[in-house]
Each structure stands twice: as structure tokens, then as C-alpha cells.
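Open your viewer and get your selection tool ready.

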Amino acid sequence: MSDSLALGKQEVDLSVYAKVAAYETLRQEGVLRMNAGFTEKLGMNKSPGVSVRLLDDGGLQIDVSVIVRYGTDLRSLGPAVQEAVLSGLRRMSDQPVGQINVYIADIEFPRGEARPAEEGGRE
Amino acid sequence: MRILQILIQKLTCVAVALGGLLLLGARTAPIKTHLTGALSKVIEPPNWKYGIVIILMGLILFVAGVFGLLPRAGRRKGGRTIRFPSARGDVVIYLDSVEATLNRVVGKLPEVNRIAARIFPVEDGTKVRITADVALLVPSGAGMREVTARVKDAIADTASGLGMDDVTAVDLNVVRTLPDVKATGIPARRREASQAYAEKEVSSLIHEETTKDREGGEESGDEETSGPVLPGRPLPPVEEGGEDASRSFGEYQVEEEEPAALIEEVEERQDTEDKRD
């Protein structure tokens, strides 16, 4: 993304938005980690689990793929992530955001934590 | 089907990558020396007028093939999903992971021996329907309807806890029922029953002996040839080493065999599951 200014040009790489999105996503309660693929684990992507595209109308389309902790309400997590990513991007940039899609790829039981069913109850 | 699809895709990628490598090798030393012989039958390198084009094609094919071989990065494209659209974008939940979690959590219930739950998106993928094949452990005294209702509720609750609020139906297929050994305490009951039976047998024998003694002991000589006779069940005479020796208490064993085998199977399965967990 580039903006023409009087003194020159300002360019913001899409990976910057991806990094912001990943940071805000990981701050959400219930998100264990981003869902990074093999190539992303190899370091071919700076922000694993996030892909950012520029739409035709100039807005950003951000796809966030996450792995969540068991017990998290998946339906409320999605909007929470969307809201957090949006506010994070708005704090740093005026770039319009078209869509923030949240992909909940997996649910994990954190190690060391007792599972609800083993305690004899359910959440 | 999905595995076959992936396999074909990967094989195609291997073929493409190898094709690219062959094209590159035909123009590059030292691979050139090894491959020229094989390639000369298909194409003739000295006659190439557009060598650079071939090299580029080889490079593109090789890179495309290798890229295709790498596992997919980031979000998964395939798989069943449930999608919650909103003004900001979609929230997509992959049902495979929810299914696995559901099976894991509900499988821990004491009433459930084994469960295979499947979640199907309905109504344009905004709601779900859950179908579960379960093998139930039914405690004695508990009705099947009661147990299935509990399991059904547990499935719905777990799904709800995972964000599947719009569950249209939970279909429970009970594929097998097993007696819950731990809950019913069958071994203990069996021990008690055997003990009671043994006591009854002994007391009846004592009673028999006492009656015989009172009658004057005229039939005392028969004791050597005939064994203890249970009231109402005359047994055939026992011959040493004969078939009748093993058959003499057959009626009692047959009654005990089936539940015992079943109980052992259940105990083994529960032990295995406990170890696995």
C-alpha cells in the first residue's frame, strides 16, 4: 500500500497489517496460537496464520486462522477477534478494512490442565 | 475419497517436478551427462533453438511441482465447516475439530463406552445436526431411555459449550449396550450369590446326612458310589476319567459363562481405555 505525499511516498507492506492482526488475535482469551502451515513454520511467512489481501475497492481482506483452547465459546470468540483486529488496525492506520474472516481450525486441550469431563462435570 | 484426491494431487506434483528437473538437467552439467542419453530418445538437445525457453519451462514446472508437494499453509480450504456471516466478515468453524473434541469429552462420560459423533451443517451451513453412534454402558436399575437422554443432553451441552448454539437435532444411534461392571458391582454380587449358593448346598447336605443318620444309616453303603445329590436335580453317576465328570455341573457353568465373558470383555475394554487416557 502506498500513499503519495508532498515530500515523497509512504508504503506500508501488507505483512505489517498481518503482524498487527496476529498480535491482536493472540491477545484474545481462548486463542492458543495461530494455525500455521508447514511453509509458514519454515519461516516463509512473517505472520503465520494470517493472510492479508488488497480488495478491488481498496479495502483489506484479512483471514485469520486460529487454534483455540477447549472451553472457549467459538461463536463469541470470532466477533471478538474481528473487533480486536479492526480496532488494532484503526489505531495504526487509516487503511479501510473490508473483511476480517476468522477461521477456527482446531480445538486443543492445553497440557497440564485437567479436562472438565475428568473432573466429573462439563463446562 | 479425500485421501485418494490428495494422493493423485501429490503424484501429479511429483511428475511435474520431475519433468521440470529433466528439462533443466538436459541443459545443465553434470546432470546433463547422465540424462542426455535418456532424453536423446525424446528430444535432441543439440537441435534446440530455444534453449532458454526450455530452461524456463523446466524451472516453472519444477517450482510448481515442489510448491504443490508442500502441505497447505494457513487456513484449510477443504473440510466441512459452519459459517457465521457478519458485517465484519465470516467466522468459520471447522467441524472436524469440533467433532474430535465432542467425541473426546462425551466419551469420558461414565455411561459412554464408545462414541463416534458426526456434525452436519444444515440450513446453508449456519446450523448443525449431530448424529452419534454410541456404545452405552448401562448400569443395573437404570433404564435405557434415561441413559440415552443423559448422553443426548451431554452431547447437546458440549456442542453448545463449543459455540454450536444452533443445534437442530441430536440423533443418537445406540449400536451396542454393555452392562456397566463398575456401576452395578456385578463381581461382588456374583461372589455373594456363589457364597449363598455354597452355603445352601452345604446346609442341604448336612440336612441330608442328618436325616440319613436318623433313619438308621441303612443306606450308608451307597455313599461310596454316589456323590452328593442336590434336591430336585438327580445327577448321573460319576465315572473317573469319563466324559460325565466334566459334564456333571455343566448346567451351572453354561449359565455363568456368557455374563462372565461379557463382564471380562467390558473390564478389559475399560482398562484399555483407562490406560490409553
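Start in chain B of this predicted model by selecting helix H4 (residues 95-106) and helix H5 (residues 144-161). Their axes, lines fitted to C-alpha atoms over the stretch in contact, come within 10 Å and cross at roughly 135 degrees, on a scale from 0 to 180 degrees between N-to-C directions. Helices here are DSSP runs of H or I with at least four residues, strands are E runs of at least two, and both are numbered from the N terminus.

Next, show the side chains where the two helices meet. On H4(B), pick Leu102(B), Val105(B) and Val106(B); they meet Ala154(B), Ile155(B), Thr158(B) and Ala159(B) of H5(B), a contact being C-beta atoms, placed from the backbone, within 7 Å. These residues divide into 6 nonpolar, 1 polar and no charged (Ala, Val, Leu and Ile are among the nonpolar kinds; Asp, Glu, Lys and Arg are charged; Gly is among the polar others).

Now switch to chain A and colour by secondary structure.

Finally, colour chain A by pLDDT, the predictor's confidence from 0 to 100. The mean is 81, and 77% of residues reach 70 or more. Over residues 114-123 of chain A the pLDDT is below 50, yet this stretch has 17 contacts in the model beyond near neighbours in sequence.

Residues are numbered from 1 along each chain as written, and chains are lettered from A and ligands numbered from 1 in written order. In this predicted model, local features need pLDDT of at least 70 and side-chain atom pairs 80 or more, while totals for chains, interfaces and linings use all residues.
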